[in-house]
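My entries follow the structure.

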Amino acid sequence: MKRSWIIGVIGLSLCFLPTGAKAQVKRLFRDAVGGGGVNLPYIQPDGAGSQWMVYQMGWLQQQGTNPVYNQGALLMVNGNPIQTQNNRARMDEKTGELLLDDVNIAGVFVSRRVFFNKEEQNVVRLTDVFRNATAAEVKLNIGLQSNTNYGITVGQTISDPKKRDQQIGWVGQTGNGRCVMEMYSGKGSKLAPTVNYQQGNNMVDAQMQLVIPPNKSVALVHFHGVTNSIDQATKWINDLREAKVLASLPVAIRKIVVNFGSNANFIGDIEVLRGDMQDLVELRSGDQLKGTLKDSVLKLKADFGEIELPVTGVLGLMNVGQYRARQLVVTNDGQVFGGTLVKTTIDLQLSSGQITQIPLSQVSRVGMRKAASEPDEIVGSGPFLQLRSGDRVSVQAPAAPISVMTRYGSLSLAPNSISAVQFQADDHGVHDIYLTDGSKFAGLVVADNFEFTLVTGGKVVRFPTNSLFRLQLQNLSDEIETPATLRLINGDLLVGTLEGQMKLDTAFDAISINGPELRALAHPKDSANDVQVTLWDQTTLTGQLETDVLRCKLTSGPIISVPPAMIDAYSQPFPRPSESVVEKIKTIVQDLNADDWKQRDRAEAELTQMGIAVIGVLKDLRAAQSPESQQRIDSILKQLQKTKTKP
């Protein structure tokens, strides 16, 4: 009763309000009757005499003339369909998408966005957004399940043209002569589906493993449609221009899509405007002008000096700031330079031939046309600096060590051992240090400033440390197969092995232990002072260590001293056997090169039978052996690695 009275009052008030106030009252009226919502099932024509029906949580169905989909794009999480009793959805006024709100699944909120393209009404784009509201990483098994009203006479998966061992879609010819088309990921995507389909069946599903960082969101995009033939469906998938079909997604959603290259034009939080056949100038008013930029060089006054950027190497630029505008110029090697352009106009030749000078103050963004040979994704290479101002500048790697103060003491780190330094950490006031071996720990870079040589122009520039956001020197090493790790209670991770000798006071004796012979070390439950150690031969002992620090030699080189009380857990997959066993292994290895083949076979079998404890020793001995012995050692290591990786 009260709701009806409010609606009546709002409606009557429209008759007496001035035009400027009516829009606001209409919004209040819309909220009173349901917030712009629509009832489910939502109906949308499919362009072929039928209509799409959208039901709870966004699964699809076709009804009408010759419908193909009985149930399409049913979302499954960890093997179970998402269920909700909500029969209402909302329309996004900006994008035209149908929005189905969050459903909470164990701390992960799942929502779906459904988009019907007016140009291709027989294809539906769906975007599933997963928001992790917890402080821990979440892993989900995501399934997309569809079935048809007719049996599939011919079905086949579509391979990624960039990664032939990956699948990106599936097409199936139905018994009514029309073809089902499903596309689950983009070309070259790092997240690829596993498509499950049995010939002759009318059901297909795709499985993907989704990892959602703490308090973050990720999105999956997928397409479902109907064509007249398998060839037509295959061509649609192969010819898809991902940037174009995803352009209508909100920027915030495009940035978190993990299975399409929707963020290919993003560098950090910056989205670069690109043209197709012509250059683009986007004005603050929203208007866009197309043509050809006439300037060959952009001169920019940056904080660290004036630089010249050839237009042929520039992807785009944008104005940031309302009152004291600053330009960000993005280059094709992933650099971002911030400053003020010397020239105050953008000269653009229109398709009519007229050259117009556009005041820089009226420009929002400028995007250069995309070259045919240009890669799909903007990827910077080599060391770079990311400044707090938003600049991303390629630099030459420093030669001198970088000094870092840590809770483990002062460290002098060689540049080739450093992957990155994050100068602005999310959860503490010091810096995060990432090494190439996978180690990560908090510390404070000692230097007040750094001198770097810019790749562009070769100028030597001094950057204050407090102006830096991130220093990226190189990627993590992929040569470490199964590293030894030391996890600390403060969240630091050290990748390396414990060195030296230690004594463990047990209930019956003081036991001497060699660090390299340790397989595992941890604190027993409810006992912070005691430790439980597991030796290379699976011997377990519990007691207290007679030492203030343990020495961990990192794979990247540095040695770090760690108090035992800070250790959460230590794990060494391939501990070194005791010296007596090492000597035995060396003796057996000599027989791998014996004149008698039976003796060689017997030695190989004996080493294999000793198990994974021999792996580290064999790797150390391999280089000094004969070709015959090396071949047999490789065979032993291969067999033992398989044994190690078996579940």
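Which exposed residues does the face of α7 turned away from its buried side carry? I found R602 and Q609 there, taking exposed as over 50% relative accessible area and buried as under 20% (1.4 Å probe, protein chains only).

I noted the ground rules: this is a predicted model, in which local features need pLDDT of at least 70 and side-chain atom pairs count only at pLDDT 80 or more, while totals for chains, interfaces and linings use all residues. Residues are numbered from 1 along each chain as its sequence is written, and side-chain values use heavy atoms, with hydrogens and water left out.

Helix α7 (residues 597-609) has 13 residues and reaches 18 Å from its first C-alpha to its last, close to the 18 Å expected at 1.5 Å a residue, the expected span being 1.5 Å times one less than the number of residues. Helices here are DSSP runs of H or I with at least four residues, and strands are runs of E with at least two, numbered from the N terminus.

I listed R600, A603, E604, L607 and T608 as buried in α7. They cover an arc of only 130° around the axis, which puts them on the same side of α7; the arc is that of the directions from the helix axis to the C-beta atoms.

Just after α7, I read a positive phi of about 85° at G611.
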